[in-house]
Amino acid sequence: MIIAGIGVTVLAVVVIGIVVARKVDGDSTNYLVAGRRLGVPLVGASLMAAAVDSNATVGNTDLTSLFGFWSGASLALGLAICLLLTGLFLARRLNGMGLYTLADYYRNRYGRGVEVAASVLMIFAFAILMAGNLVACGFLLEHFAGLPYWAGVVIAVTLVLIYTVGGGMFSDAYTAAVQISITLVATAALVIWFGTTIGFQVPEGMGPFDLEQLTSTDSGAPINWATLISLGIGDIVAIDFMQRVFSARTPQIARRACFTAAAGTAAIGVAFAMVALGSAAIGIDAADGPMLFTLLSDHAPVWLAVLVLSGIVAASFSTASGAILATSAVAVRNIIGVRRVAPADGSYDPLLRWTRVAMLPIVVVGTVIALTVAQTGILLTLAFDLMLACLAVPFLLGVFWKRGGTAAAIAAMTTGLVVRFGLFVLTPTIYGVPNDIAYIPNDLVPATFDGWPTIYGAIVSVVAYVVVALVRPASASIEPEPEPEPEAELEPAVA
């Protein structure tokens, strides 16, 4: 019954994605940025759906039940902070630049070499992000349908690929509107049911007002702050978020959509964290698999399980779809160098063609990571640790401070990568989870150092950029590469 209900939701999402694919009309501008014609409802929904994924729900509840409110809720709150900061300071400016991908900014600001280096880092980080959402889908099908974990991952990524290949950003935006509607209704229903049946109990020392979680090392403060900083600042250079910002019809719409998505993301994240605390209080935890799945299968009515799980799958599909589209576009446009050709006289836009082709290897990489590292929230924070240490500083300082040039960007990216990766392999745990990915046993770095590598990587990147910018300032701005304009707007702006 549960799987049948989820199947209906998934089928509806896939069908909608396929139907709206006609809006692409052979033009990569429509495919990558929805013709820059989306209004607040669609941009806001797609931004929120990208933020409220399996990491902010399943990963959130697992970490909250084990370590406390700030350990899990920080996943969603960090993303909400990112959307708020983007709306306040960046959305209008970036939407007005006419970019196709975020990597375009690095080319226009720092040149071709930095563009390629930034693109490689973005693709790697977003393959990890995609994997995190596939992990949740794999666990869900394993838990409720009895399928092998690997089969769940493969089924999920295949369904996402079907509609993403066809409709690009149009499919992503329209399916996101459905997906986030389901998630909002599911969250409200879960909170009402949980509060009226089980009750919101908070284990001692684990609640939102137990602020030692943000002040004491023994209570995980460095890890919790690292999560907030990594997602709140590192996610600003998320290529799927920015792809959606570029799709807004006007800079003002882009800004308002960010604010809407920030509020919704924070509310949903807090709601799931509070449910996790109440579940932990009655003995449900993440020791035997995702805590939320145990709660829904063993305690909740079937209708609620169907609704909540449908929301999680739908949101995971949206995030995976955006990650596939954005990484493929960056690979083709910013690494290979394929450019848009306005459709005319039956010609085919090469940027559209090769972006679709590139999706297959991108999906393969994400699937391999999901099958190798079966984590949810940890994969999200690892992805944006990398973005924070390497790309956030050249982006943010490049936008607001014109003195830094190519040398400063390279210095920030290189030092951030070396320090963050070096501390990663030396630290025995990652956000409270044993580092069984690339740990080198040593007596130099204890487990209590966990969380600090995120902060130190960002600090070193800032210092490197500022020092090099002061010593070797940018000599001249790099002229943006001109893009062919669309021949005509094919249809009115959409909401």
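A salt bridge, as the term is used here, is a side-chain nitrogen of Lys or Arg within 4 Å of a carboxyl oxygen of Asp or Glu. Good morning, colleagues. The structure under discussion is a predicted model, in which local features need pLDDT of at least 70 and side-chain atom pairs count only at pLDDT 80 or more, while totals for chains, interfaces and linings use all residues. Residues are numbered from 1 along each chain as its sequence is written, and side-chain values use heavy atoms, with hydrogens and water left out.

I begin with the charged pairs. Side chains of opposite charge can pair when their charged atoms come close. Across the whole structure, a search finds 8 salt bridges. One of them joins glutamate 115 to arginine 112, with the closest N and O atoms 2.9 Å apart. Both residues lie in helix H7, 3 residues apart, about one turn of the helix. Helices here are DSSP runs (H or I, at least four residues), numbered from the N terminus. An α-helix has 3.6 residues a turn, so residues three or four places apart point the same way. Glutamate 115 has a relative accessible area of 0% and is therefore buried, whereas arginine 112 is partly exposed at 39%. By these terms, buried means under 20% relative accessible area, exposed means over 50%, and partly exposed lies in between, with a 1.4 Å probe and protein chains only.

A second bridge, between aspartate 240 and arginine 244, has an N to O distance of 3.8 Å. These two residues are 4 apart in helix H10 (residues 239–246), which means about one helical turn separates them. Both aspartate 240 and arginine 244 are buried. Elsewhere, salt bridges that share partners connect Asp104, Arg107, Arg112, Glu115 and Arg333 in one network.

Which residue forms a salt bridge with arginine 340? The partner is aspartate 27, and the closest N and O atoms are 2.9 Å apart. Arginine 340 belongs to the loop between H13 and helix H14 (350–372), and aspartate 27 to the loop between helix H1 (2–19) and helix H2 (28–33), so the pair ties together parts that are 313 residues apart in sequence. Arginine 340 and aspartate 27 are both buried.

I turn now to helix H12, residues 291–298. Of its 8 residues, 6 are buried, so the helix is largely enclosed by the rest of the structure. The buried residues are Met291, Leu292, Phe293, Thr294, Leu295 and Leu296. Their cover includes helix H4 (54–67), helix H7 (112–145), helix H8 (149–197), helix H11 (251–281) and helix H13 (302–336), where contact means heavy atoms within 4.5 Å. Threonine 61, in helix H4, touches Met291 and Leu292, as well as Phe272 and Ala276, not counting residues up to four places away in sequence. Threonine 61 is itself buried, with a relative accessible area of 0%.

Alanine 280 lies in helix H11. From C-alpha to C-alpha, alanine 280 and leucine 66 are 7.8 Å apart in space, although 214 residues apart in sequence. Under the same exclusion of residues up to four places away, alanine 280 touches Ser65 and Pro203.

The aromatic residues come next. Rings of Phe, Tyr and Trp (its six-membered ring) pair if their centres lie within 6.5 Å; planes under 30 degrees apart count as stacked, over 60 as edge-to-face and the rest as tilted. The count by this rule is 12 aromatic pairs. The rings of tryptophan 401 and tyrosine 465 have centres 6.4 Å apart and planes at 50°, so this pair is tilted. The pair links distant parts of the chain, 64 residues apart: tryptophan 401 is in the loop between helix H15 (377–400) and helix H16 (406–426), and tyrosine 465 is in helix H17. Is tyrosine 465 buried or exposed? At 0% relative accessibility, tyrosine 465 counts as buried.

Tryptophan 452 and tyrosine 456 form a stacked pair, 5.8 Å centre to centre with 25° between the planes. Both lie in helix H17, 4 residues apart. Tryptophan 452 is partly exposed at 33%, and tyrosine 456 is partly exposed at 35%.

The charged end of arginine 36 sits over the ring of tyrosine 100, 4.8 Å from its centre; the rule asks for NZ of Lys or CZ of Arg within 6 Å of the ring centre and within 35 degrees of the ring normal. Thank you for your attention.
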